[in-house]
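Me: I'd like to go through this one term by term, asking what each label rests on. Can you start with how the helices and strands are named?

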Amino acid sequence: MSDLITDEDTDISESELEDHADSCYEKLKQAGETVKISETEYRCPYCPRTKKRIFGFNDLLQHASGVSRGSQKRGIKDRGRHLGLVKYIQKELKGESIPENTVDNNEIHKSCDLNELYVWPWMGIVANIPVEWKNGRYTGQSGSKLRDELTEKGFNPLRVHPLWNFKGFSGYAIVEFRNEWLGLSDALRFEKAYEVIHQGKSDYFETENYWGKLYCWVAKDDDFHAENVVGDYLRRNGDLKTLTQYQEEEHTKNSKLLSNLTSTVEGQNMRLIEMETKYKETSVSLSSLMSQKDEMLQAFNEERKKMQQTARHQLQQIFQEHERTAMQLEVQRNELKQHEKELEEREARNENERLKLSYEKEQNERAILEQKRADENVLRLAEDHEREKEALQRTMIELEKKLDAKHALELEIRCLKGNLQVAKHIGDDGDDGDEEVTKKLHSIEQELKDKEEELEDLEQLSQALIIKERKSNDELQEARKELIAVLMELSAEASIGIKRMGELDSKAFIAAAKRKYMKHEVDEKAAELCTGWQYQLKKANWHPFKNVPAEDGKGHKTIVDGEDKIMKKLKNQLGEDAYRAVATALMELNEYNPSGRYVVSELWNNDHERKATLKEGISQLLDQWRMLKKKKRC
């Protein structure tokens with residue numbers, strides 16, 4: 001054993017810990033008898049023999065593991081030795097281990113009298129603790145220090161209580177162990193360890209010279225009834241029990257625990273079955289709802305496609321008829337002009353021809369008046385479209401209210417169904433003649449039937465409103481698209497025109513190019529800069545935005561993040577005008593086409609810098625048509 005603990009004085013580093021542990025493990029394999037004393041007793045070969053350390057298997061493993069994990073009092077080399085001891089115990093003595101949470105009750109029964117009275121909770125007595133006279137009274141070491149010493153010896157005490165009297169520290173201490181068989185096993189080993197070295201209870205009361213030694217034993221009935229500070233503490237904090245009584249109490253407690261656990265498991269199983277049933281019902285209902293949603297979506301798409309085709313065809317016919325009428329009127333006007341000239345030449349010769357010419361001019365003016373009325377009808381049609389749009393918004397609001405009412409009604413129906421099931425369950429469990437439960441059941445069934453009929457009416461009304469809203473909205477959108485297509489061919493200087501949302505203003509880049517490049521390079525460089533930044537705007541992974549509180553304090557609004565690296569670089573290189581141009585294009589793309597990031601044409605009011613209404617667009621179209629007609633007359 002001296003070979004195992006003889007090493008040079010110098011310590012080792014953390015990186016050498018595992019190598020040192022392996023070396024100690026090999027030495028222990030060659031000298032295994034230094035660890036195992038008997039079938040149930042073991043010693044630590046790396047702790048001094050003078051401490052008489054005797055351990056059970058699990059206690060030795062716990063001791064070695066605790067030292068190997070690190071301690072302020074232990075060096076790295078000592079930790080390596082105990083880590084090697086852990087490996088030796090786990091690999092070479094693994095067949096001799098005892099489960100951590102079990103104790104061999106037969107061994108306890110053989111070593112103890114089952115009818116002998118012990119103090120419970122299990123307690124041990126430590127006597128002859130050194131005392132010191134200080135400041136007019138006796139003092140001694142703390143209970144925590146004694147507890148640590150007993151823990152290192154493998155007795156696993158919970159706590160140690162030094163006993164005091166009117167003179168100060170009495171020299172006695174009470175050791176508390178766990179309130180279970182493991183605790184009793186630790187207490188008996190604690191007593192046996194000190195009996196082996198002649199420091200037990202009998203040695204304490206028989207010897208006359210016990211100075212400097214601790215005497216320890218397990219507290220029993222004679223200690224419990226002693227008329228001293230030990231007996232007083234035991235009577236206040238414990239009771240007397242035989243091992244047979246404790247075993248019976250443990251058996252009763254375990255039986256109650258097993259019964260409670262069985263009831264809990266059965267209740268959890270019933271709850272699990274109920275949850276599985278609810279899950280299946282919910283899954284079926286969800287599948288049905290998803291199927292209905294798909295069918296409604298498909299029907300909606302087909303109806304929308306038909307409506308778009310019909311509206312496009314009708315609008316095309318209207319424009320063709322309008323163009324045909326305009327051409328006919330223009331031809332008639334030209335013919336009348338020519339005829340007027342001929343009549344003027346013959347005016348002196350033929351009065352009748354002049355009267356005929358006046359009549360035809362009158363007819364032409366009437367035709368122009370009719371055309372004016374037609375123009376007013378077109379304007380009125382635009383106003384009707386605007387009113388339909390407002391009606392569409394009101395319909396959408398009404399539809400949302402109906403949907404909310406429908407959802408509330410569906411929730412109420414589910415609650416009624418649940419109440420109905422509960423009422424049926426109560427009716428099944430109660431007496432057959434309980435008229436009150438039967439009346440309540442009929443009342444709930446009637447109310448459920450009424451609510452289901454009301455839900456069906458709401459669903460029909462909701463479908464009708466949805467169809468009407470989709471039809472009106474599609475007509476307005478198609479009319480707006482056709483109007484945009486027509487106005488794109490007209491002059492951009494008009495008050496109502498087409499604006500390409502997300503397109504950069506080249507003027508800002510021309511100004512920046514003038515500051516950076518020679519005069520003959522300005523146009524080319526400005527075009528390159530504008531094209532490059534237009535391409536940058538299309539990158540979907542570039543998102544220089546941030547949310548800030550709205551000015552009215554309600555909600556948030558999105559603005560361009562001036563701290564974005566690319567935007568800061570743009571501002572530093574090309575100036576404030578180019579920065580504002582890119583920021584404006586970003587905000588327009590984020591509003592009109594955030595997913596595609598490509599330029600979108602929009603009907604625009606140039607005077608007020610806002611999105612134009614359909615009525616304003618149609619008015620502009622009529623003004624353009626009138627101006628064109630006047631030019632042709634001239």
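Reply: V230, for instance, sits in helix α10, residues 229-237. The protein chain has 18 helices and 13 strands. One caution: this is a predicted model, where local features need pLDDT of at least 70, side-chain atom pairs count only at pLDDT 80 or more, and totals for chains, interfaces and linings use all residues. Residues are numbered from 1 along each chain as its sequence is written, and side-chain values use heavy atoms, with hydrogens and water left out.

Me: Why is V230 called buried?

Reply: Buried means under 20% relative accessible area, exposed means over 50%, and partly exposed is in between (1.4 Å probe, protein chains only). V230 comes in at 4%, so it counts as buried. Across the 634 residues of the protein chain, 33% get that label.

Me: Which residues is V230 in contact with, neighbours aside?

Reply: Contact means heavy atoms within 4.5 Å. Skipping neighbours within four places in sequence, V230 is in contact with I125, L163, Y172 and I174. I125 is 105 residues away from V230 along the chain, with 8.1 Å between their C-alpha atoms. As for the chain overall, take contacts with a separation of 6 or more: 67% of them are between residues 24 or more positions apart.

Me: What makes a set of residues a nonpolar core?

Reply: The members must be buried Ala, Val, Leu, Ile, Met, Phe, Trp, Tyr or Cys residues, joined through side-chain atoms within 4.5 Å. The largest such core has 24 residues, and V126, L146, L150 and F190 touch the most other members. At least two residues each come from α6 (143-152), β6 (168-176), α7 (181-196), β7 (215-218) and α11 (243-345). The largest share is from α7, with 7 residues. F190 touches G124, I125, V126, L150, F155, F177, C216 and W217, leaving out residues up to four places away in sequence. Another core, of 20 residues, lies apart from the largest one and includes W542, F545, V582 and A585.

Me: How do you know that K220 forms a salt bridge with E116?

Reply: A salt bridge is a side-chain nitrogen of Lys or Arg within 4 Å of a carboxyl oxygen of Asp or Glu. The closest N and O atoms of K220 and E116 are 3.1 Å apart, so the pair passes that cut-off. This pair links distant parts of the chain, 104 residues apart: K220 is in the loop between β7 and α9 (221-224), and E116 is in the loop between α5 (105-111) and β1 (117-120). K220 has 16% relative accessibility, so it is buried, whereas E116, at 25%, is partly exposed. The whole structure has 20 salt bridges.

Me: What about E576 and R580: buried or partly exposed?

Reply: E576 is at 35% relative accessible area, so it is partly exposed. R580 is at 44%, so it is partly exposed too. Their side chains meet in a salt bridge at 3.6 Å, N to O. E576 and R580 are 4 residues apart in helix α17 (residues 576-592), about one turn of the helix. Through shared partners, salt bridges join K571, E576, D577 and R580 into one network.

Me: Where do D78 and R81 lie?

Reply: Both are in helix α4 (residues 76-92), 3 residues apart, about one turn of the helix. D78 and R81 are both buried.

Me: How many disulfides does a search of the whole structure find?

Reply: A disulfide is a covalent bond between the sulfur atoms of two cysteines. The test is a pair of cysteine sulfur atoms within 2.5 Å, and the search turns up 0. As for individual cysteines, C24 has 3% relative accessibility, so it is buried, and C44, at 3%, is buried as well.
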